[in-house]
Amino acid sequence: MVEVTDVVCSLCGCVCDDIVLEVENNEIVKVKKGACSVGKAKLLGHERIKSPAIRENGELRECSYDEAIKKAAEILYKSRRSLLYGWSSTVCEAHKVGVELTEDLGAVMDNTASVCHGPSVLAINDVGLPSCTLGEVKNRADLIIYWGANPAQAHANHMKRYSYVSKGYWTEEGKKGKKMVVVDVRKTMTAKMADVFVQIKQGKDYQVFSALRAILRGHEDVVPDEVGGVPKEQLLEVANMVKESKFVMTFFGMGVTHTGARHNNIVNAIQFTRAAHLHTKASIMPLRGHYNVAGINQVCTWETGFPFAIDMSRGYAWYNPGEQSATDLLYRGDCDAAMIIASDPGAHFPGESLKHLAKIPVIQIDPYANPTTEFADVVIPAAVSGIEAEGNVYRMDNVPIRLRKILDTDYLPDEEILQRILTEIRAMREKEGE
Amino acid sequence: MQTITLKLKDAAMSGIAQVPVEVDALTPDKLFGKSEAELKAVKVWWGNKQEAAGDLFDVSVAGDAGSGDEVKIVFEGDLTRVKRIGDGMKSGEIEARGDVDMHCGAMMEGGKIVVKGNANCWAGREMRGGELVIEGDAEDNLCAMYRGEDKGMTGGKVMVNGNAGECVGQYMAGGEILIKGNVDRLAGLSMSGGKITIGGDAELFGPDMIGGEIVVKGKVLEMMPSFRPDGTESIEGVEYKKYLGDLAMGEKKAKGTLYAR
Amino acid sequence: MADELLIRNGVVYDPINGVKGEKKDICIRDGKVVDSVTNPKVIDAEGRVVMPGGVDIHSHIAGGKVNAGRIMRPEDERKGVEPKTKVCRAQSGYSVPNTFATGYRYARMGYTFVMEAAMPPLAARHTHEEMVDIPILDNAAMPLIDNNWMTMEYVKSGDTDLLAAYIAWMMKATKGYAVKVVNPGGTEAWGWGKNCNLNDTVPYFDVTPAEIIKGLAEANEKFEMPHSIHVHGNMLGHPGNYEMTKDTYDVVKGIKPYRDRPTMHATHTQFHSYGGTTWGNFESKADAIADYINENDHMSIDLGSVILGDTTTMTADGPMEYSLYQITGRKWTNHDVELETGTGITPFLYSGKVSVHTIQWAIGQELALLVKDPWKVALTTDHPNAGPFIGYPIIISHLMSKKRRDESAEAMHKAIFDRAALPSIDREYDLNEIAIITRGMTAKTLGLHEHGKGHLGVGADADVAIYDMSPEERDAGKIQKAFLNTKYTIKGGQIVVKDGEVVATPPGRTIFVTPECDDKLTDEMLVTLKDKFAKYYSVTFNNYPVQDAYLPNPYEIKAPWRSS
């Protein structure tokens, strides 16, 4: 039995890195400290894809890595417009090969941000992002706002490690010295803990942000008695809490990124933070979902200039979410092949998009079987990053942390699978004398 | 006058996927002076490859032109996956017979485009001049900016006979948009100049406006909570309430004007 | 067989070796400059200008801040797109180019080394990840060690040895090169939305920025560090800041450097040479700063010279970026980093029609022309803050041509004639001086000349730039063109640019400094540091240091503890 410390969790955007494990015979037998229940379940492992496989007559036939990789390369090489999608549950080293593959193919590369915090990225395009690392929040914040987010259930360690419940340099007393505001359409578990719960009407976040901004800029006179289901008195109360705080931190989640004005909600949330900064120190941060969705945005940006929804068909990057984003591309039937890596559109995409995905050849690279496996034509199992493979990831606040390799495996890491597909494609091109 | 008719071949859209054809290389100014053979050889992006225009379109040419102004291009066939019609166009005329895909008239500088159907998103994106007429509906981001830019449409004239989607004229800095029907939310978002007239209904228009004007002739479904009423004004004999804002941007910047009934 | 190259008959400018425009052959074998070669490939450089590869002392090319600038500015990315080629990856960006474009464009200007100017320690992995993706260029990065709580506590207690131990640990943990200081104390104060002048007390820490600078300079000289502390002082970009700039220089006067180099490098001095009290009566005080540099020998500076046009400003000086965004109202990103530093980013347009920008534009060039000894001055634009690095050739052409300067001034706001000195300066740089401020001085100031950079003596790295111009060329337009795209750039003996096109993209090396510190001292320091991790950091002590995997091509420089 060996105890392994400082293990980094490869589940959600919190990327907790103080986990202690017990390992015996190349198996994790116990999670001793640090992980939430969901993280613990991932570390202890679940059903894997056993072998590479190719679909024939509707059935998956097990095959060698070589055969599956060759088949995958053939599909992509023949394609006029392929979609390389996913990426948020693998490491940056794999992302880099992904960008190179995209460029080589003239394909479209998109990541799961486009169905979660893509709207936040679009908002950053328009107004930037006044933010900070999570340790800043822990040490300084005396007012926490969760807007359209329910960390008590979705990011179980978030409040404890970084925000409302945590203790830091100027926040020695933990939540005793802090206030929390929760804005949501229903009284969530998180909302029950709040000092002030602002119950907002579904899809009305945009106008509520504008009203708060007008108040913070000294124009409460023009704000009507009720905005988006929120009484004006409560808006004034929240604005006052902001003004009286020393450091206000807003975290927001999917409850505000995908309703009503969608990405423009986030533009307005950021504008609200800018207005708050006239009175206090104000920062804002999206609660990112997958552990390395921030990382794929980072890698794509330094390598192509753009964070997601990138079309390389002309040999350079063209970026236009809403056009090149995976769901739109599939909904419109714009692409003729797809490679899905480290994600599961089968479970998360709208039905119309899935219909097209089921029609075209699909390659799946993943450690685990999921609904996408049901229709994938080539299935390539991968090592689990953070357990069987190491590599860099970016936490939700863009702090880079290196995942550790805990166990040995015969499964190939994503990076190597992708590199072999790329090599195979280049060989095909050479053979054809292009 | 010269008329170039480009009819998209059915084969282009008959595969397992409808990979869009991008026709920014096929504008009157770019095609002016080309023989039929040269014209058919012009390279057009189709997915990750470039194809000869003649392989994707049935091409016919009638008449002669003395300049780009005298060239008219007629697009026919299924245009729902034909993107960037008239993108960057400087002169002449384009007629698109049917519903067109994204970026129709984007970056347009001069000439005229008539769409005899609906236009997908980003029609007239960053338009600088010329005229764009959409006889059907326009989807989202009509005359908006490119991602991250702080200017959308800066000049020219756009008319939509039907309805338009979200964010009409986002970051608009100049020019004129006339929508005869209704618009979705956030028309004139972050607008700094120019004029948007909406014949039908609108909601949450003019947020973050720092200049320009928006006139809504139909019903106001929901007003932004951060504008200041400023009396009434008569436009074409009809009395409108006037509002100034957006005060969410602060007093100094709130130089936009809304007119609504 | 040895890999040999002979550059024949070029007119060589190699200031470190005292070569000022001599017709000379350069022999190269296995990536190094050698005495002679036997069977080389020959490049005929007859009549052309030959210099060592350029060495940039201060540029923001990699890391969280640069990438946040890219994410925030798709409109800048689309400006610089170029399709992939058989050799090159796809390129994007103008003021914040993608990593590939950064390598290609620098190499095309004849540069082979670039110093990333600000690495937030907590995000050091990010900086290294991007640097690995910058082709061709050798690189290094300077970790920010001035607003760190550890630093301020040791400065307060006066424990210079422990501060040195902390510097040593941080340099190793971040694989960094030199101590970087950015708005000392002010960036910590920005954690509360506040800022600091040089002699203000930093909220809660009971030290002043002046004390931080002094403490760091003293601690830095405990080692044989190749570079001095590298300082971005307080109140950058504020009218009237030139007095504080001089006071900042005075802080380190009298501290003895370990070798023949300055005690402080003051960066992007243009932003710190401002007179007036408001933007309304804003004026150049480059003359006062230049006088100081001329009269004192403990300082070196780089210009931070302005390139007109749109750019993306970015710095660890959070409060400064906030003030700038308050002026423009444009987009603004801020990213404060726990216990260490911050980041601010906002786009900015320098217009020749605006009086303030015109004066700023003049100041950078005035500094270059008024400081008498070019060995004290480096050419930078503080890329991308005063403008993107691809504007260097524009500055070179202005420094070399009074006529060019007059023509530019004529087209700009008339404030340049009464609130700046540039129009009255006649001095013109010669090619030797250009070679000094772009490679000789920078390599020497960074201590890289001892590691093969910035010169062409025997044993040097075979990094060579061959410019397609005659040494007699006086036409500013032709000079600018020649410096934008080399005839050849050779990196480590390999031709990487030919006729202005990138023809090969070998990976660069990452150079880092390992200060050597007594174990007992380190252990004592670690007790305090580990407590900070346990209580205040959001990552663990063991997950903090940059792992070796991030530096596939490392080059280590050891900095022994000085026994005295």
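**Exercise 1.** In which order do the three strands of the open sheet in chain A lie, and is the pairing parallel or antiparallel?

*Solution.* The model is predicted, so that local features need pLDDT of at least 70 and side-chain atom pairs count only at pLDDT 80 or more, while totals for chains, interfaces and linings use all residues. Residues are numbered from 1 along each chain as its sequence is written, and chains are lettered from A and ligands numbered from 1 in the order in which they are written.

Begin with the strands, which like helices are DSSP runs numbered from the N terminus (strands: E, at least two residues; helices: H or I, at least four). Two strands pair if DSSP finds at least two bridges between them. In chain A the open sheet has the order 1-2-3, with antiparallel pairing, and its edge strands, each pairing on one side only, are strand 1 (2-7) and strand 3 (27-33).

Next, look at one pair: strand 1 and strand 2 (residues 19-24) of chain A are joined over four bridges, and V7(A) stands opposite I19(A) in strand 2 of chain A.

**Exercise 2.** Which strand of chain C pairs with strand 8 of chain A, and over how many bridges?

*Solution.* Strand 8 (residues 130-132) of chain A pairs with strand 16 of chain C in the parallel sense, over three bridges. Within this pairing, C132(A) stands opposite D336(C).

**Exercise 3.** How many residues of chain C are in contact with chain A?

*Solution.* Contact is defined by C-beta atoms, placed from the backbone, that lie within 7 Å. By this rule 46 residues of chain C are in contact with 52 residues of chain A, and helix 1 of chain C gives the largest share of its side, five residues.

Methods: Two residues are in contact if their C-beta atoms, placed from the backbone, lie within 7 Å.
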